[in-house]
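This report goes through a few local features of the structure shown below. Please keep the sequence and the 3D view at hand while reading.

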Amino acid sequence: MTIELGHFALVLAFAVAVVQGTLPLYGAARRDPVLTGIAPYAAVAQFLLVAFAFATLVQAYLVSDFSVRNVFENSHSSKPFFYKLAGTWGNHEGSLVLWVLILTLFGAGVAVFGRRLPPTFMARVLGMQGLISVGFLSFMLLTSNAFLRLDPAPADGRGLNPILQDPGLALHPPFLYLGYVGFSTAYSFAMAALLEGRVDPSWARWLRPWVLVAWLFLTFGIALGSWWAYYELGWGGWWFWDPVENSSFMPWLVGTALLHSAIVLEKRNALKSWTILLAILTFALSLLGTFLVRSGVLTSVHAFATDPARGVYILLLLLIAVGGSLALFAIRAPAMQGGSLFAPISREGALVLNNLLLSTATATVLLGTLYPLALEALTGAKISVGPPYFNATFVPLMIPLVLAIPIGTMLSWKRGDLPGVLSRLKLAVAASVLVAAAYLALFDWRGVLAAFGYALAAWVILGSLLELAGRIALFRVPLGRSWNRFKGLPRSALGMTTAHVGLGIFLIGVTATTSGQIERILVMKPGETVTLAGYEVTFEGVSERPGPNYIAERGTFSARRDGELVAEIHSERRFYPVEGQTTTEAGIDTTLWRDLYFVIGDKVGEEGGRTVRLYFNPLVVWLWGGLVVMAVGGFVSLSDRRLRVGAPTPAKIRTAPAEA
Amino acid sequence: MTATTETTETTAPSNRRAWLYLLPVLVFVVIGAFLAFGLTRDPSVLPSALLDKPAPEFELPPIPGRDDHGFSRADLGGEPMLVNVWASWCVACRAEHPLLNRLAQEEGVIINGLNYKDRAEDAMAWLEELGDPFNYVGWDIKGRVAIEWGVYGVPETFVVDRNGTIVYKQVGQMTPRVINEVILPLIEKLRREQ
């Protein structure tokens with residue numbers, strides 16, 4: 001019964017979305033306060049309805065109601081509680097319900113927290129959110145309905161793909177969706193601005209918290225996904241330039257550019273149409289990602305089961321949403337000229353450079369992701385584009401980006417003093433050179449690239465800290481005064497420093513794993529010992545171990561250093577009888593300085609020999625740590641006072657540039 | 001693609017630049033066209049140069065210990081049949097094997113095996129443990145014949161018609177669905193053809 005209520009709620013939500021997507025937009029055009037006033041109520045109502053529908057589906061999973069087709073196809077009574085819960089969004093239909101839930105959550109968020117927005121503007125934003133909901137709710141109800149029954153009800157379910165039965169992946173989709181569905185607000189704000197024909201600094205300030213929220217969740221979601229791929233896929237790598245990974249990465253790149261260009265718009269009233277375009281593209285790439293993952297157009301390690309009808313529907317949604325918005329952009333944006341002038345060497349100039357590099361990087365990733373498709377369309381040849389392409393195109397674009405960060409943050413607006421800034425950064429320059437030299441001298445005299453990577457990380461971390469030190473006049477005034485200044489700093493400044501330092505930490509992790517990973521693939525018999533990066537690794541043997549819904553062969557390794565036991569590491573091959581699949585669980589011992597990462601493989605020969613893969617991954621945990629620090633930076637910035645108060649009441653007045 | 005638009009922000013407005021604002025939507029139309037094309041393709045189908053061509057010439061010895069004469073080009077044709085490429089070290093083959101047994105016993109499909117880069121003892125132990133659905137099995141210890149057949153990896157299954165022509169190739173593990181919806185209908189059709 002409950003699932004029918006959920007189904008019904010979803011249909012009602014669709015009806016509400018139709019109202020929300022039409023009347024307020026019409027009302028905004030006619031300046032009718034009654035019609036525009038509907039928008040916030042509709043947004044909240046829609047959220048409550050979808051939340052109710054989602055709750056009924058979760059309930060069906062938790063009680064293993066196999067009369068619901070979606071539960072039957074993706075769950076099993078022997079699954080642990082947590083994976084029954086996570087199973088709700090571990091499949092195409094269920095994850096779409098989550099998708100729409102988050103979409104309406106953001107809509108309701110704008111309705112509740114955006115009470116200072118001018119009513120017509122809010123009506124337009126929520127109207128656009130409503131239209132997106134119409135598209136996705138109809139998609140769900142027509143082609144991918146999770147609320148259908150089976151009669152008679154089967155005795156038990158088919159189970160969830162074992163590779164998805166994992167805490168990292170269970171939490172990955174919600175965070176990822178909070179990120180890229182969250183960018184829908186950026187899209188709606190941009191469309192509302194285009195409809196109003198007006199973009200000004202207060203628009204950028206309204207937009208900022210929503211972009212920040214989406215960005216920080218996406219950062220965290222990508223980090224989780226990468227961590228999952230690292231320990232679950234058992235290849236010892238953390239990023240594979242897989243189409244599905246790319247489709248979450250592209251919105252992140254453009255979203256990052258958007259965060260930066262919105263600053264220029266907010267502070268200097270420049271880059272208007274560019275910022276609008278970025279806001280549209282960020283969500284366009286999110287939609288493209290949704291299309292790529294669910295249509296089966298590209299092969300990938302983690303695509304959903306696919307169905308051509310769905311692909312056609314999402315493509316239609318994509319064409320309407322993106323094509324429509326870009327067409328509106330082409331019509332309206334040329335009128336949004338103007339803005340203040342600035343010299344190339346200035347904070348604005350640095351942020352433009354940031355934007356150019358990030359958007360070029362996005363374009364290279366997009367090209368690499370779609371190239372196989374384009375080539376097949378044109379010539380019929382089947383190819384795949386792999387990491388060498390991305391490493392050769394993407395990485396070189398990131399180097400100037402990172403180099404420019406400390407300089408850009410120290411340049412003043414309008415016209416900067418480059419020699420002055422560089423002299424303030426002397427310490428960072430010296431430290432990076434020292435780091436590179438020390439690496440070459442102590443570790444690997446041929447590791448020029450690695451030395452460069454560490455130097456770059458030192459540069460961005462120290463440069464960012466020096467910028468912060470400059471703001472609080474550290475060591476130039478008494479420490480007490482510096483502390484007071486520190487407490488008085490805007491949160492956005494602290495957030496920026498935190499995020500940039502996070503990027504530096506991430507770079508350290510990337511450099512270390514890329515240059516310092518040691519890999520051994522060999523056959524080991526029980527009792528055999530090999531050395532790996534100074535550790536004596538002994539293969540102790542294999543035992544059988546039953547799990548909740550699988551049977552595991554558990555290989556045990558012990559790692560010793562100078563005869564002393566450092567870690568006992570278990571790697572498992574789990575056989576899931578319900579699904580008839582085998583997964584491999586890498587055994588990982590993590591410290592701040594290194595991971596020991598062991599995987600057992602197939603039997604070889606008669607004496608219990610096994611193929612094993614042994615990895616030594618230095619500093620790999622820094623990589624995800626850095627990403628988390630970046631997300632925390634976003635969070636700190638979000639708590640900035642000016643995003644909550646300080647927004648002038650702008651309904652009628654065109655806000656003048658903050659300072660000239 | 002759109003990076004140039006911001007020059008219009010910082011310089012004087014110019015109508016000649018208006019076309020730049022059209023660029024994003026134009027680029028998107030091209031991308032959309034490729035995506036639409038992509039929907040008409042199934043990326044998991046790998047092209048096979050051998051499809052609808054006669055099977056290659058080959059001759060393989062039997063697995064030592066199995067009582068047959070090996071497997072060669074001369075064994076193809078006459079009746080429609082499957083050629084299954086397998087190995088005892090291949091996990092997906094283990095999952096697939098019960099389906100082969102069913103096909104041979106219940107549907108009477110002739111299945112010949114190509115044992116790929118396998119040790120004789122392991123291969124024989126496998127057949128003893130899991131059952132032996134094969135008519136003839138060739139022992140391709142070096143993997144040379146598999147190259148002739150254009151095998152990407154194990155398991156792979158070919159459908160060969162009465163004339164010894166390869167008419168279908170399944171890359172990777174067969175599932176009950178593939179068998180019911182593709183393999184069996186195809187075999188039926190080939191059986192009816194003369």
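Predicted model: local features only at pLDDT ≥ 70, side-chain atom pairs only at ≥ 80, totals over all residues.

## Strands, a helix residue and a contact between chains

In β4(A), A:Val542 has A:Gly555 as its bridge partner.

Strand β3 of chain A covers residues 535-546 and strand β4 of chain A covers residues 551-561. The two run antiparallel and are joined by 10 bridges. A hairpin of 4 residues links β3(A) to β4(A).

On its other pairing, β3(A) is joined by 4 bridges to strand β2 of chain A, residues 529-532, again in an antiparallel arrangement. Here A:Leu532 lies opposite A:Tyr535 of β3(A). β2(A) and β3(A) also form a hairpin, with 2 residues between them. In that turn, A:Ala533 has a positive phi of about 50°.

| Strand pair | Bridges | Residues in the hairpin link |
|---|---|---|
| β2(A) and β3(A) | 4 bridges | 2 residues |
| β3(A) and β4(A) | 10 bridges | 4 residues |

Another part of chain A is helical. A:Ala43 is placed in helix α2 of chain A, which spans residues 33-62. Is A:Ala43 buried or exposed? A:Ala43 is buried, because 31 other C-beta atoms lie within 10 Å, and 20 or more are enough for that label.

Contacts of A:Ala43 beyond four places in sequence are made with A:Gln20, A:Gly107, A:Ala108, A:Val110, A:Ala111, A:Leu126 and A:Gln129. One of these, A:Leu126, is 83 residues away from A:Ala43 in sequence, yet the C-alpha atoms of the two are 6.9 Å apart.

The next feature involves both chain A and chain B. Two packed helices are described by the angle between their axes and the distance between the axes. Helix α13 of chain A, residues 347-379, packs against helix α2 of chain B, residues 18-39, at an angle of about 75° and with the axes 9 Å apart. α13(A) is therefore roughly perpendicular to α2(B). From α13(A), the residues A:Leu370, A:Leu373, A:Ala374 and A:Ala377 meet B:Ile31, B:Phe34, B:Phe37 and B:Gly38 of α2(B). The residues of this contact comprise 7 nonpolar, 1 polar and no charged.

Chain B also has a domain assignment, which gives domain 1 as 3-39 and domain 2 as 59-192. How far apart do the C-alpha centres of domain 1 and domain 2 of chain B lie? The C-alpha centres of these two domains are 54 Å apart.

Note on methods. Residues numbered from 1 in each chain as written. Chains lettered and ligands numbered in written order. Pairing = 2+ DSSP bridges. Buried ≥ 20, exposed ≤ 12 C-beta atoms within 10 Å, placed from the backbone. Contact = placed C-beta atoms within 7 Å. Axes fitted to C-alpha atoms, helices over the stretch in contact; angles between N-to-C directions. Parallel < 35°, antiparallel > 145°, perpendicular 65-115°, else oblique. Nonpolar A, V, L, I, M, F, W, Y, C, P; charged D, E, K, R; others polar. Domains from an automatic or database assignment.
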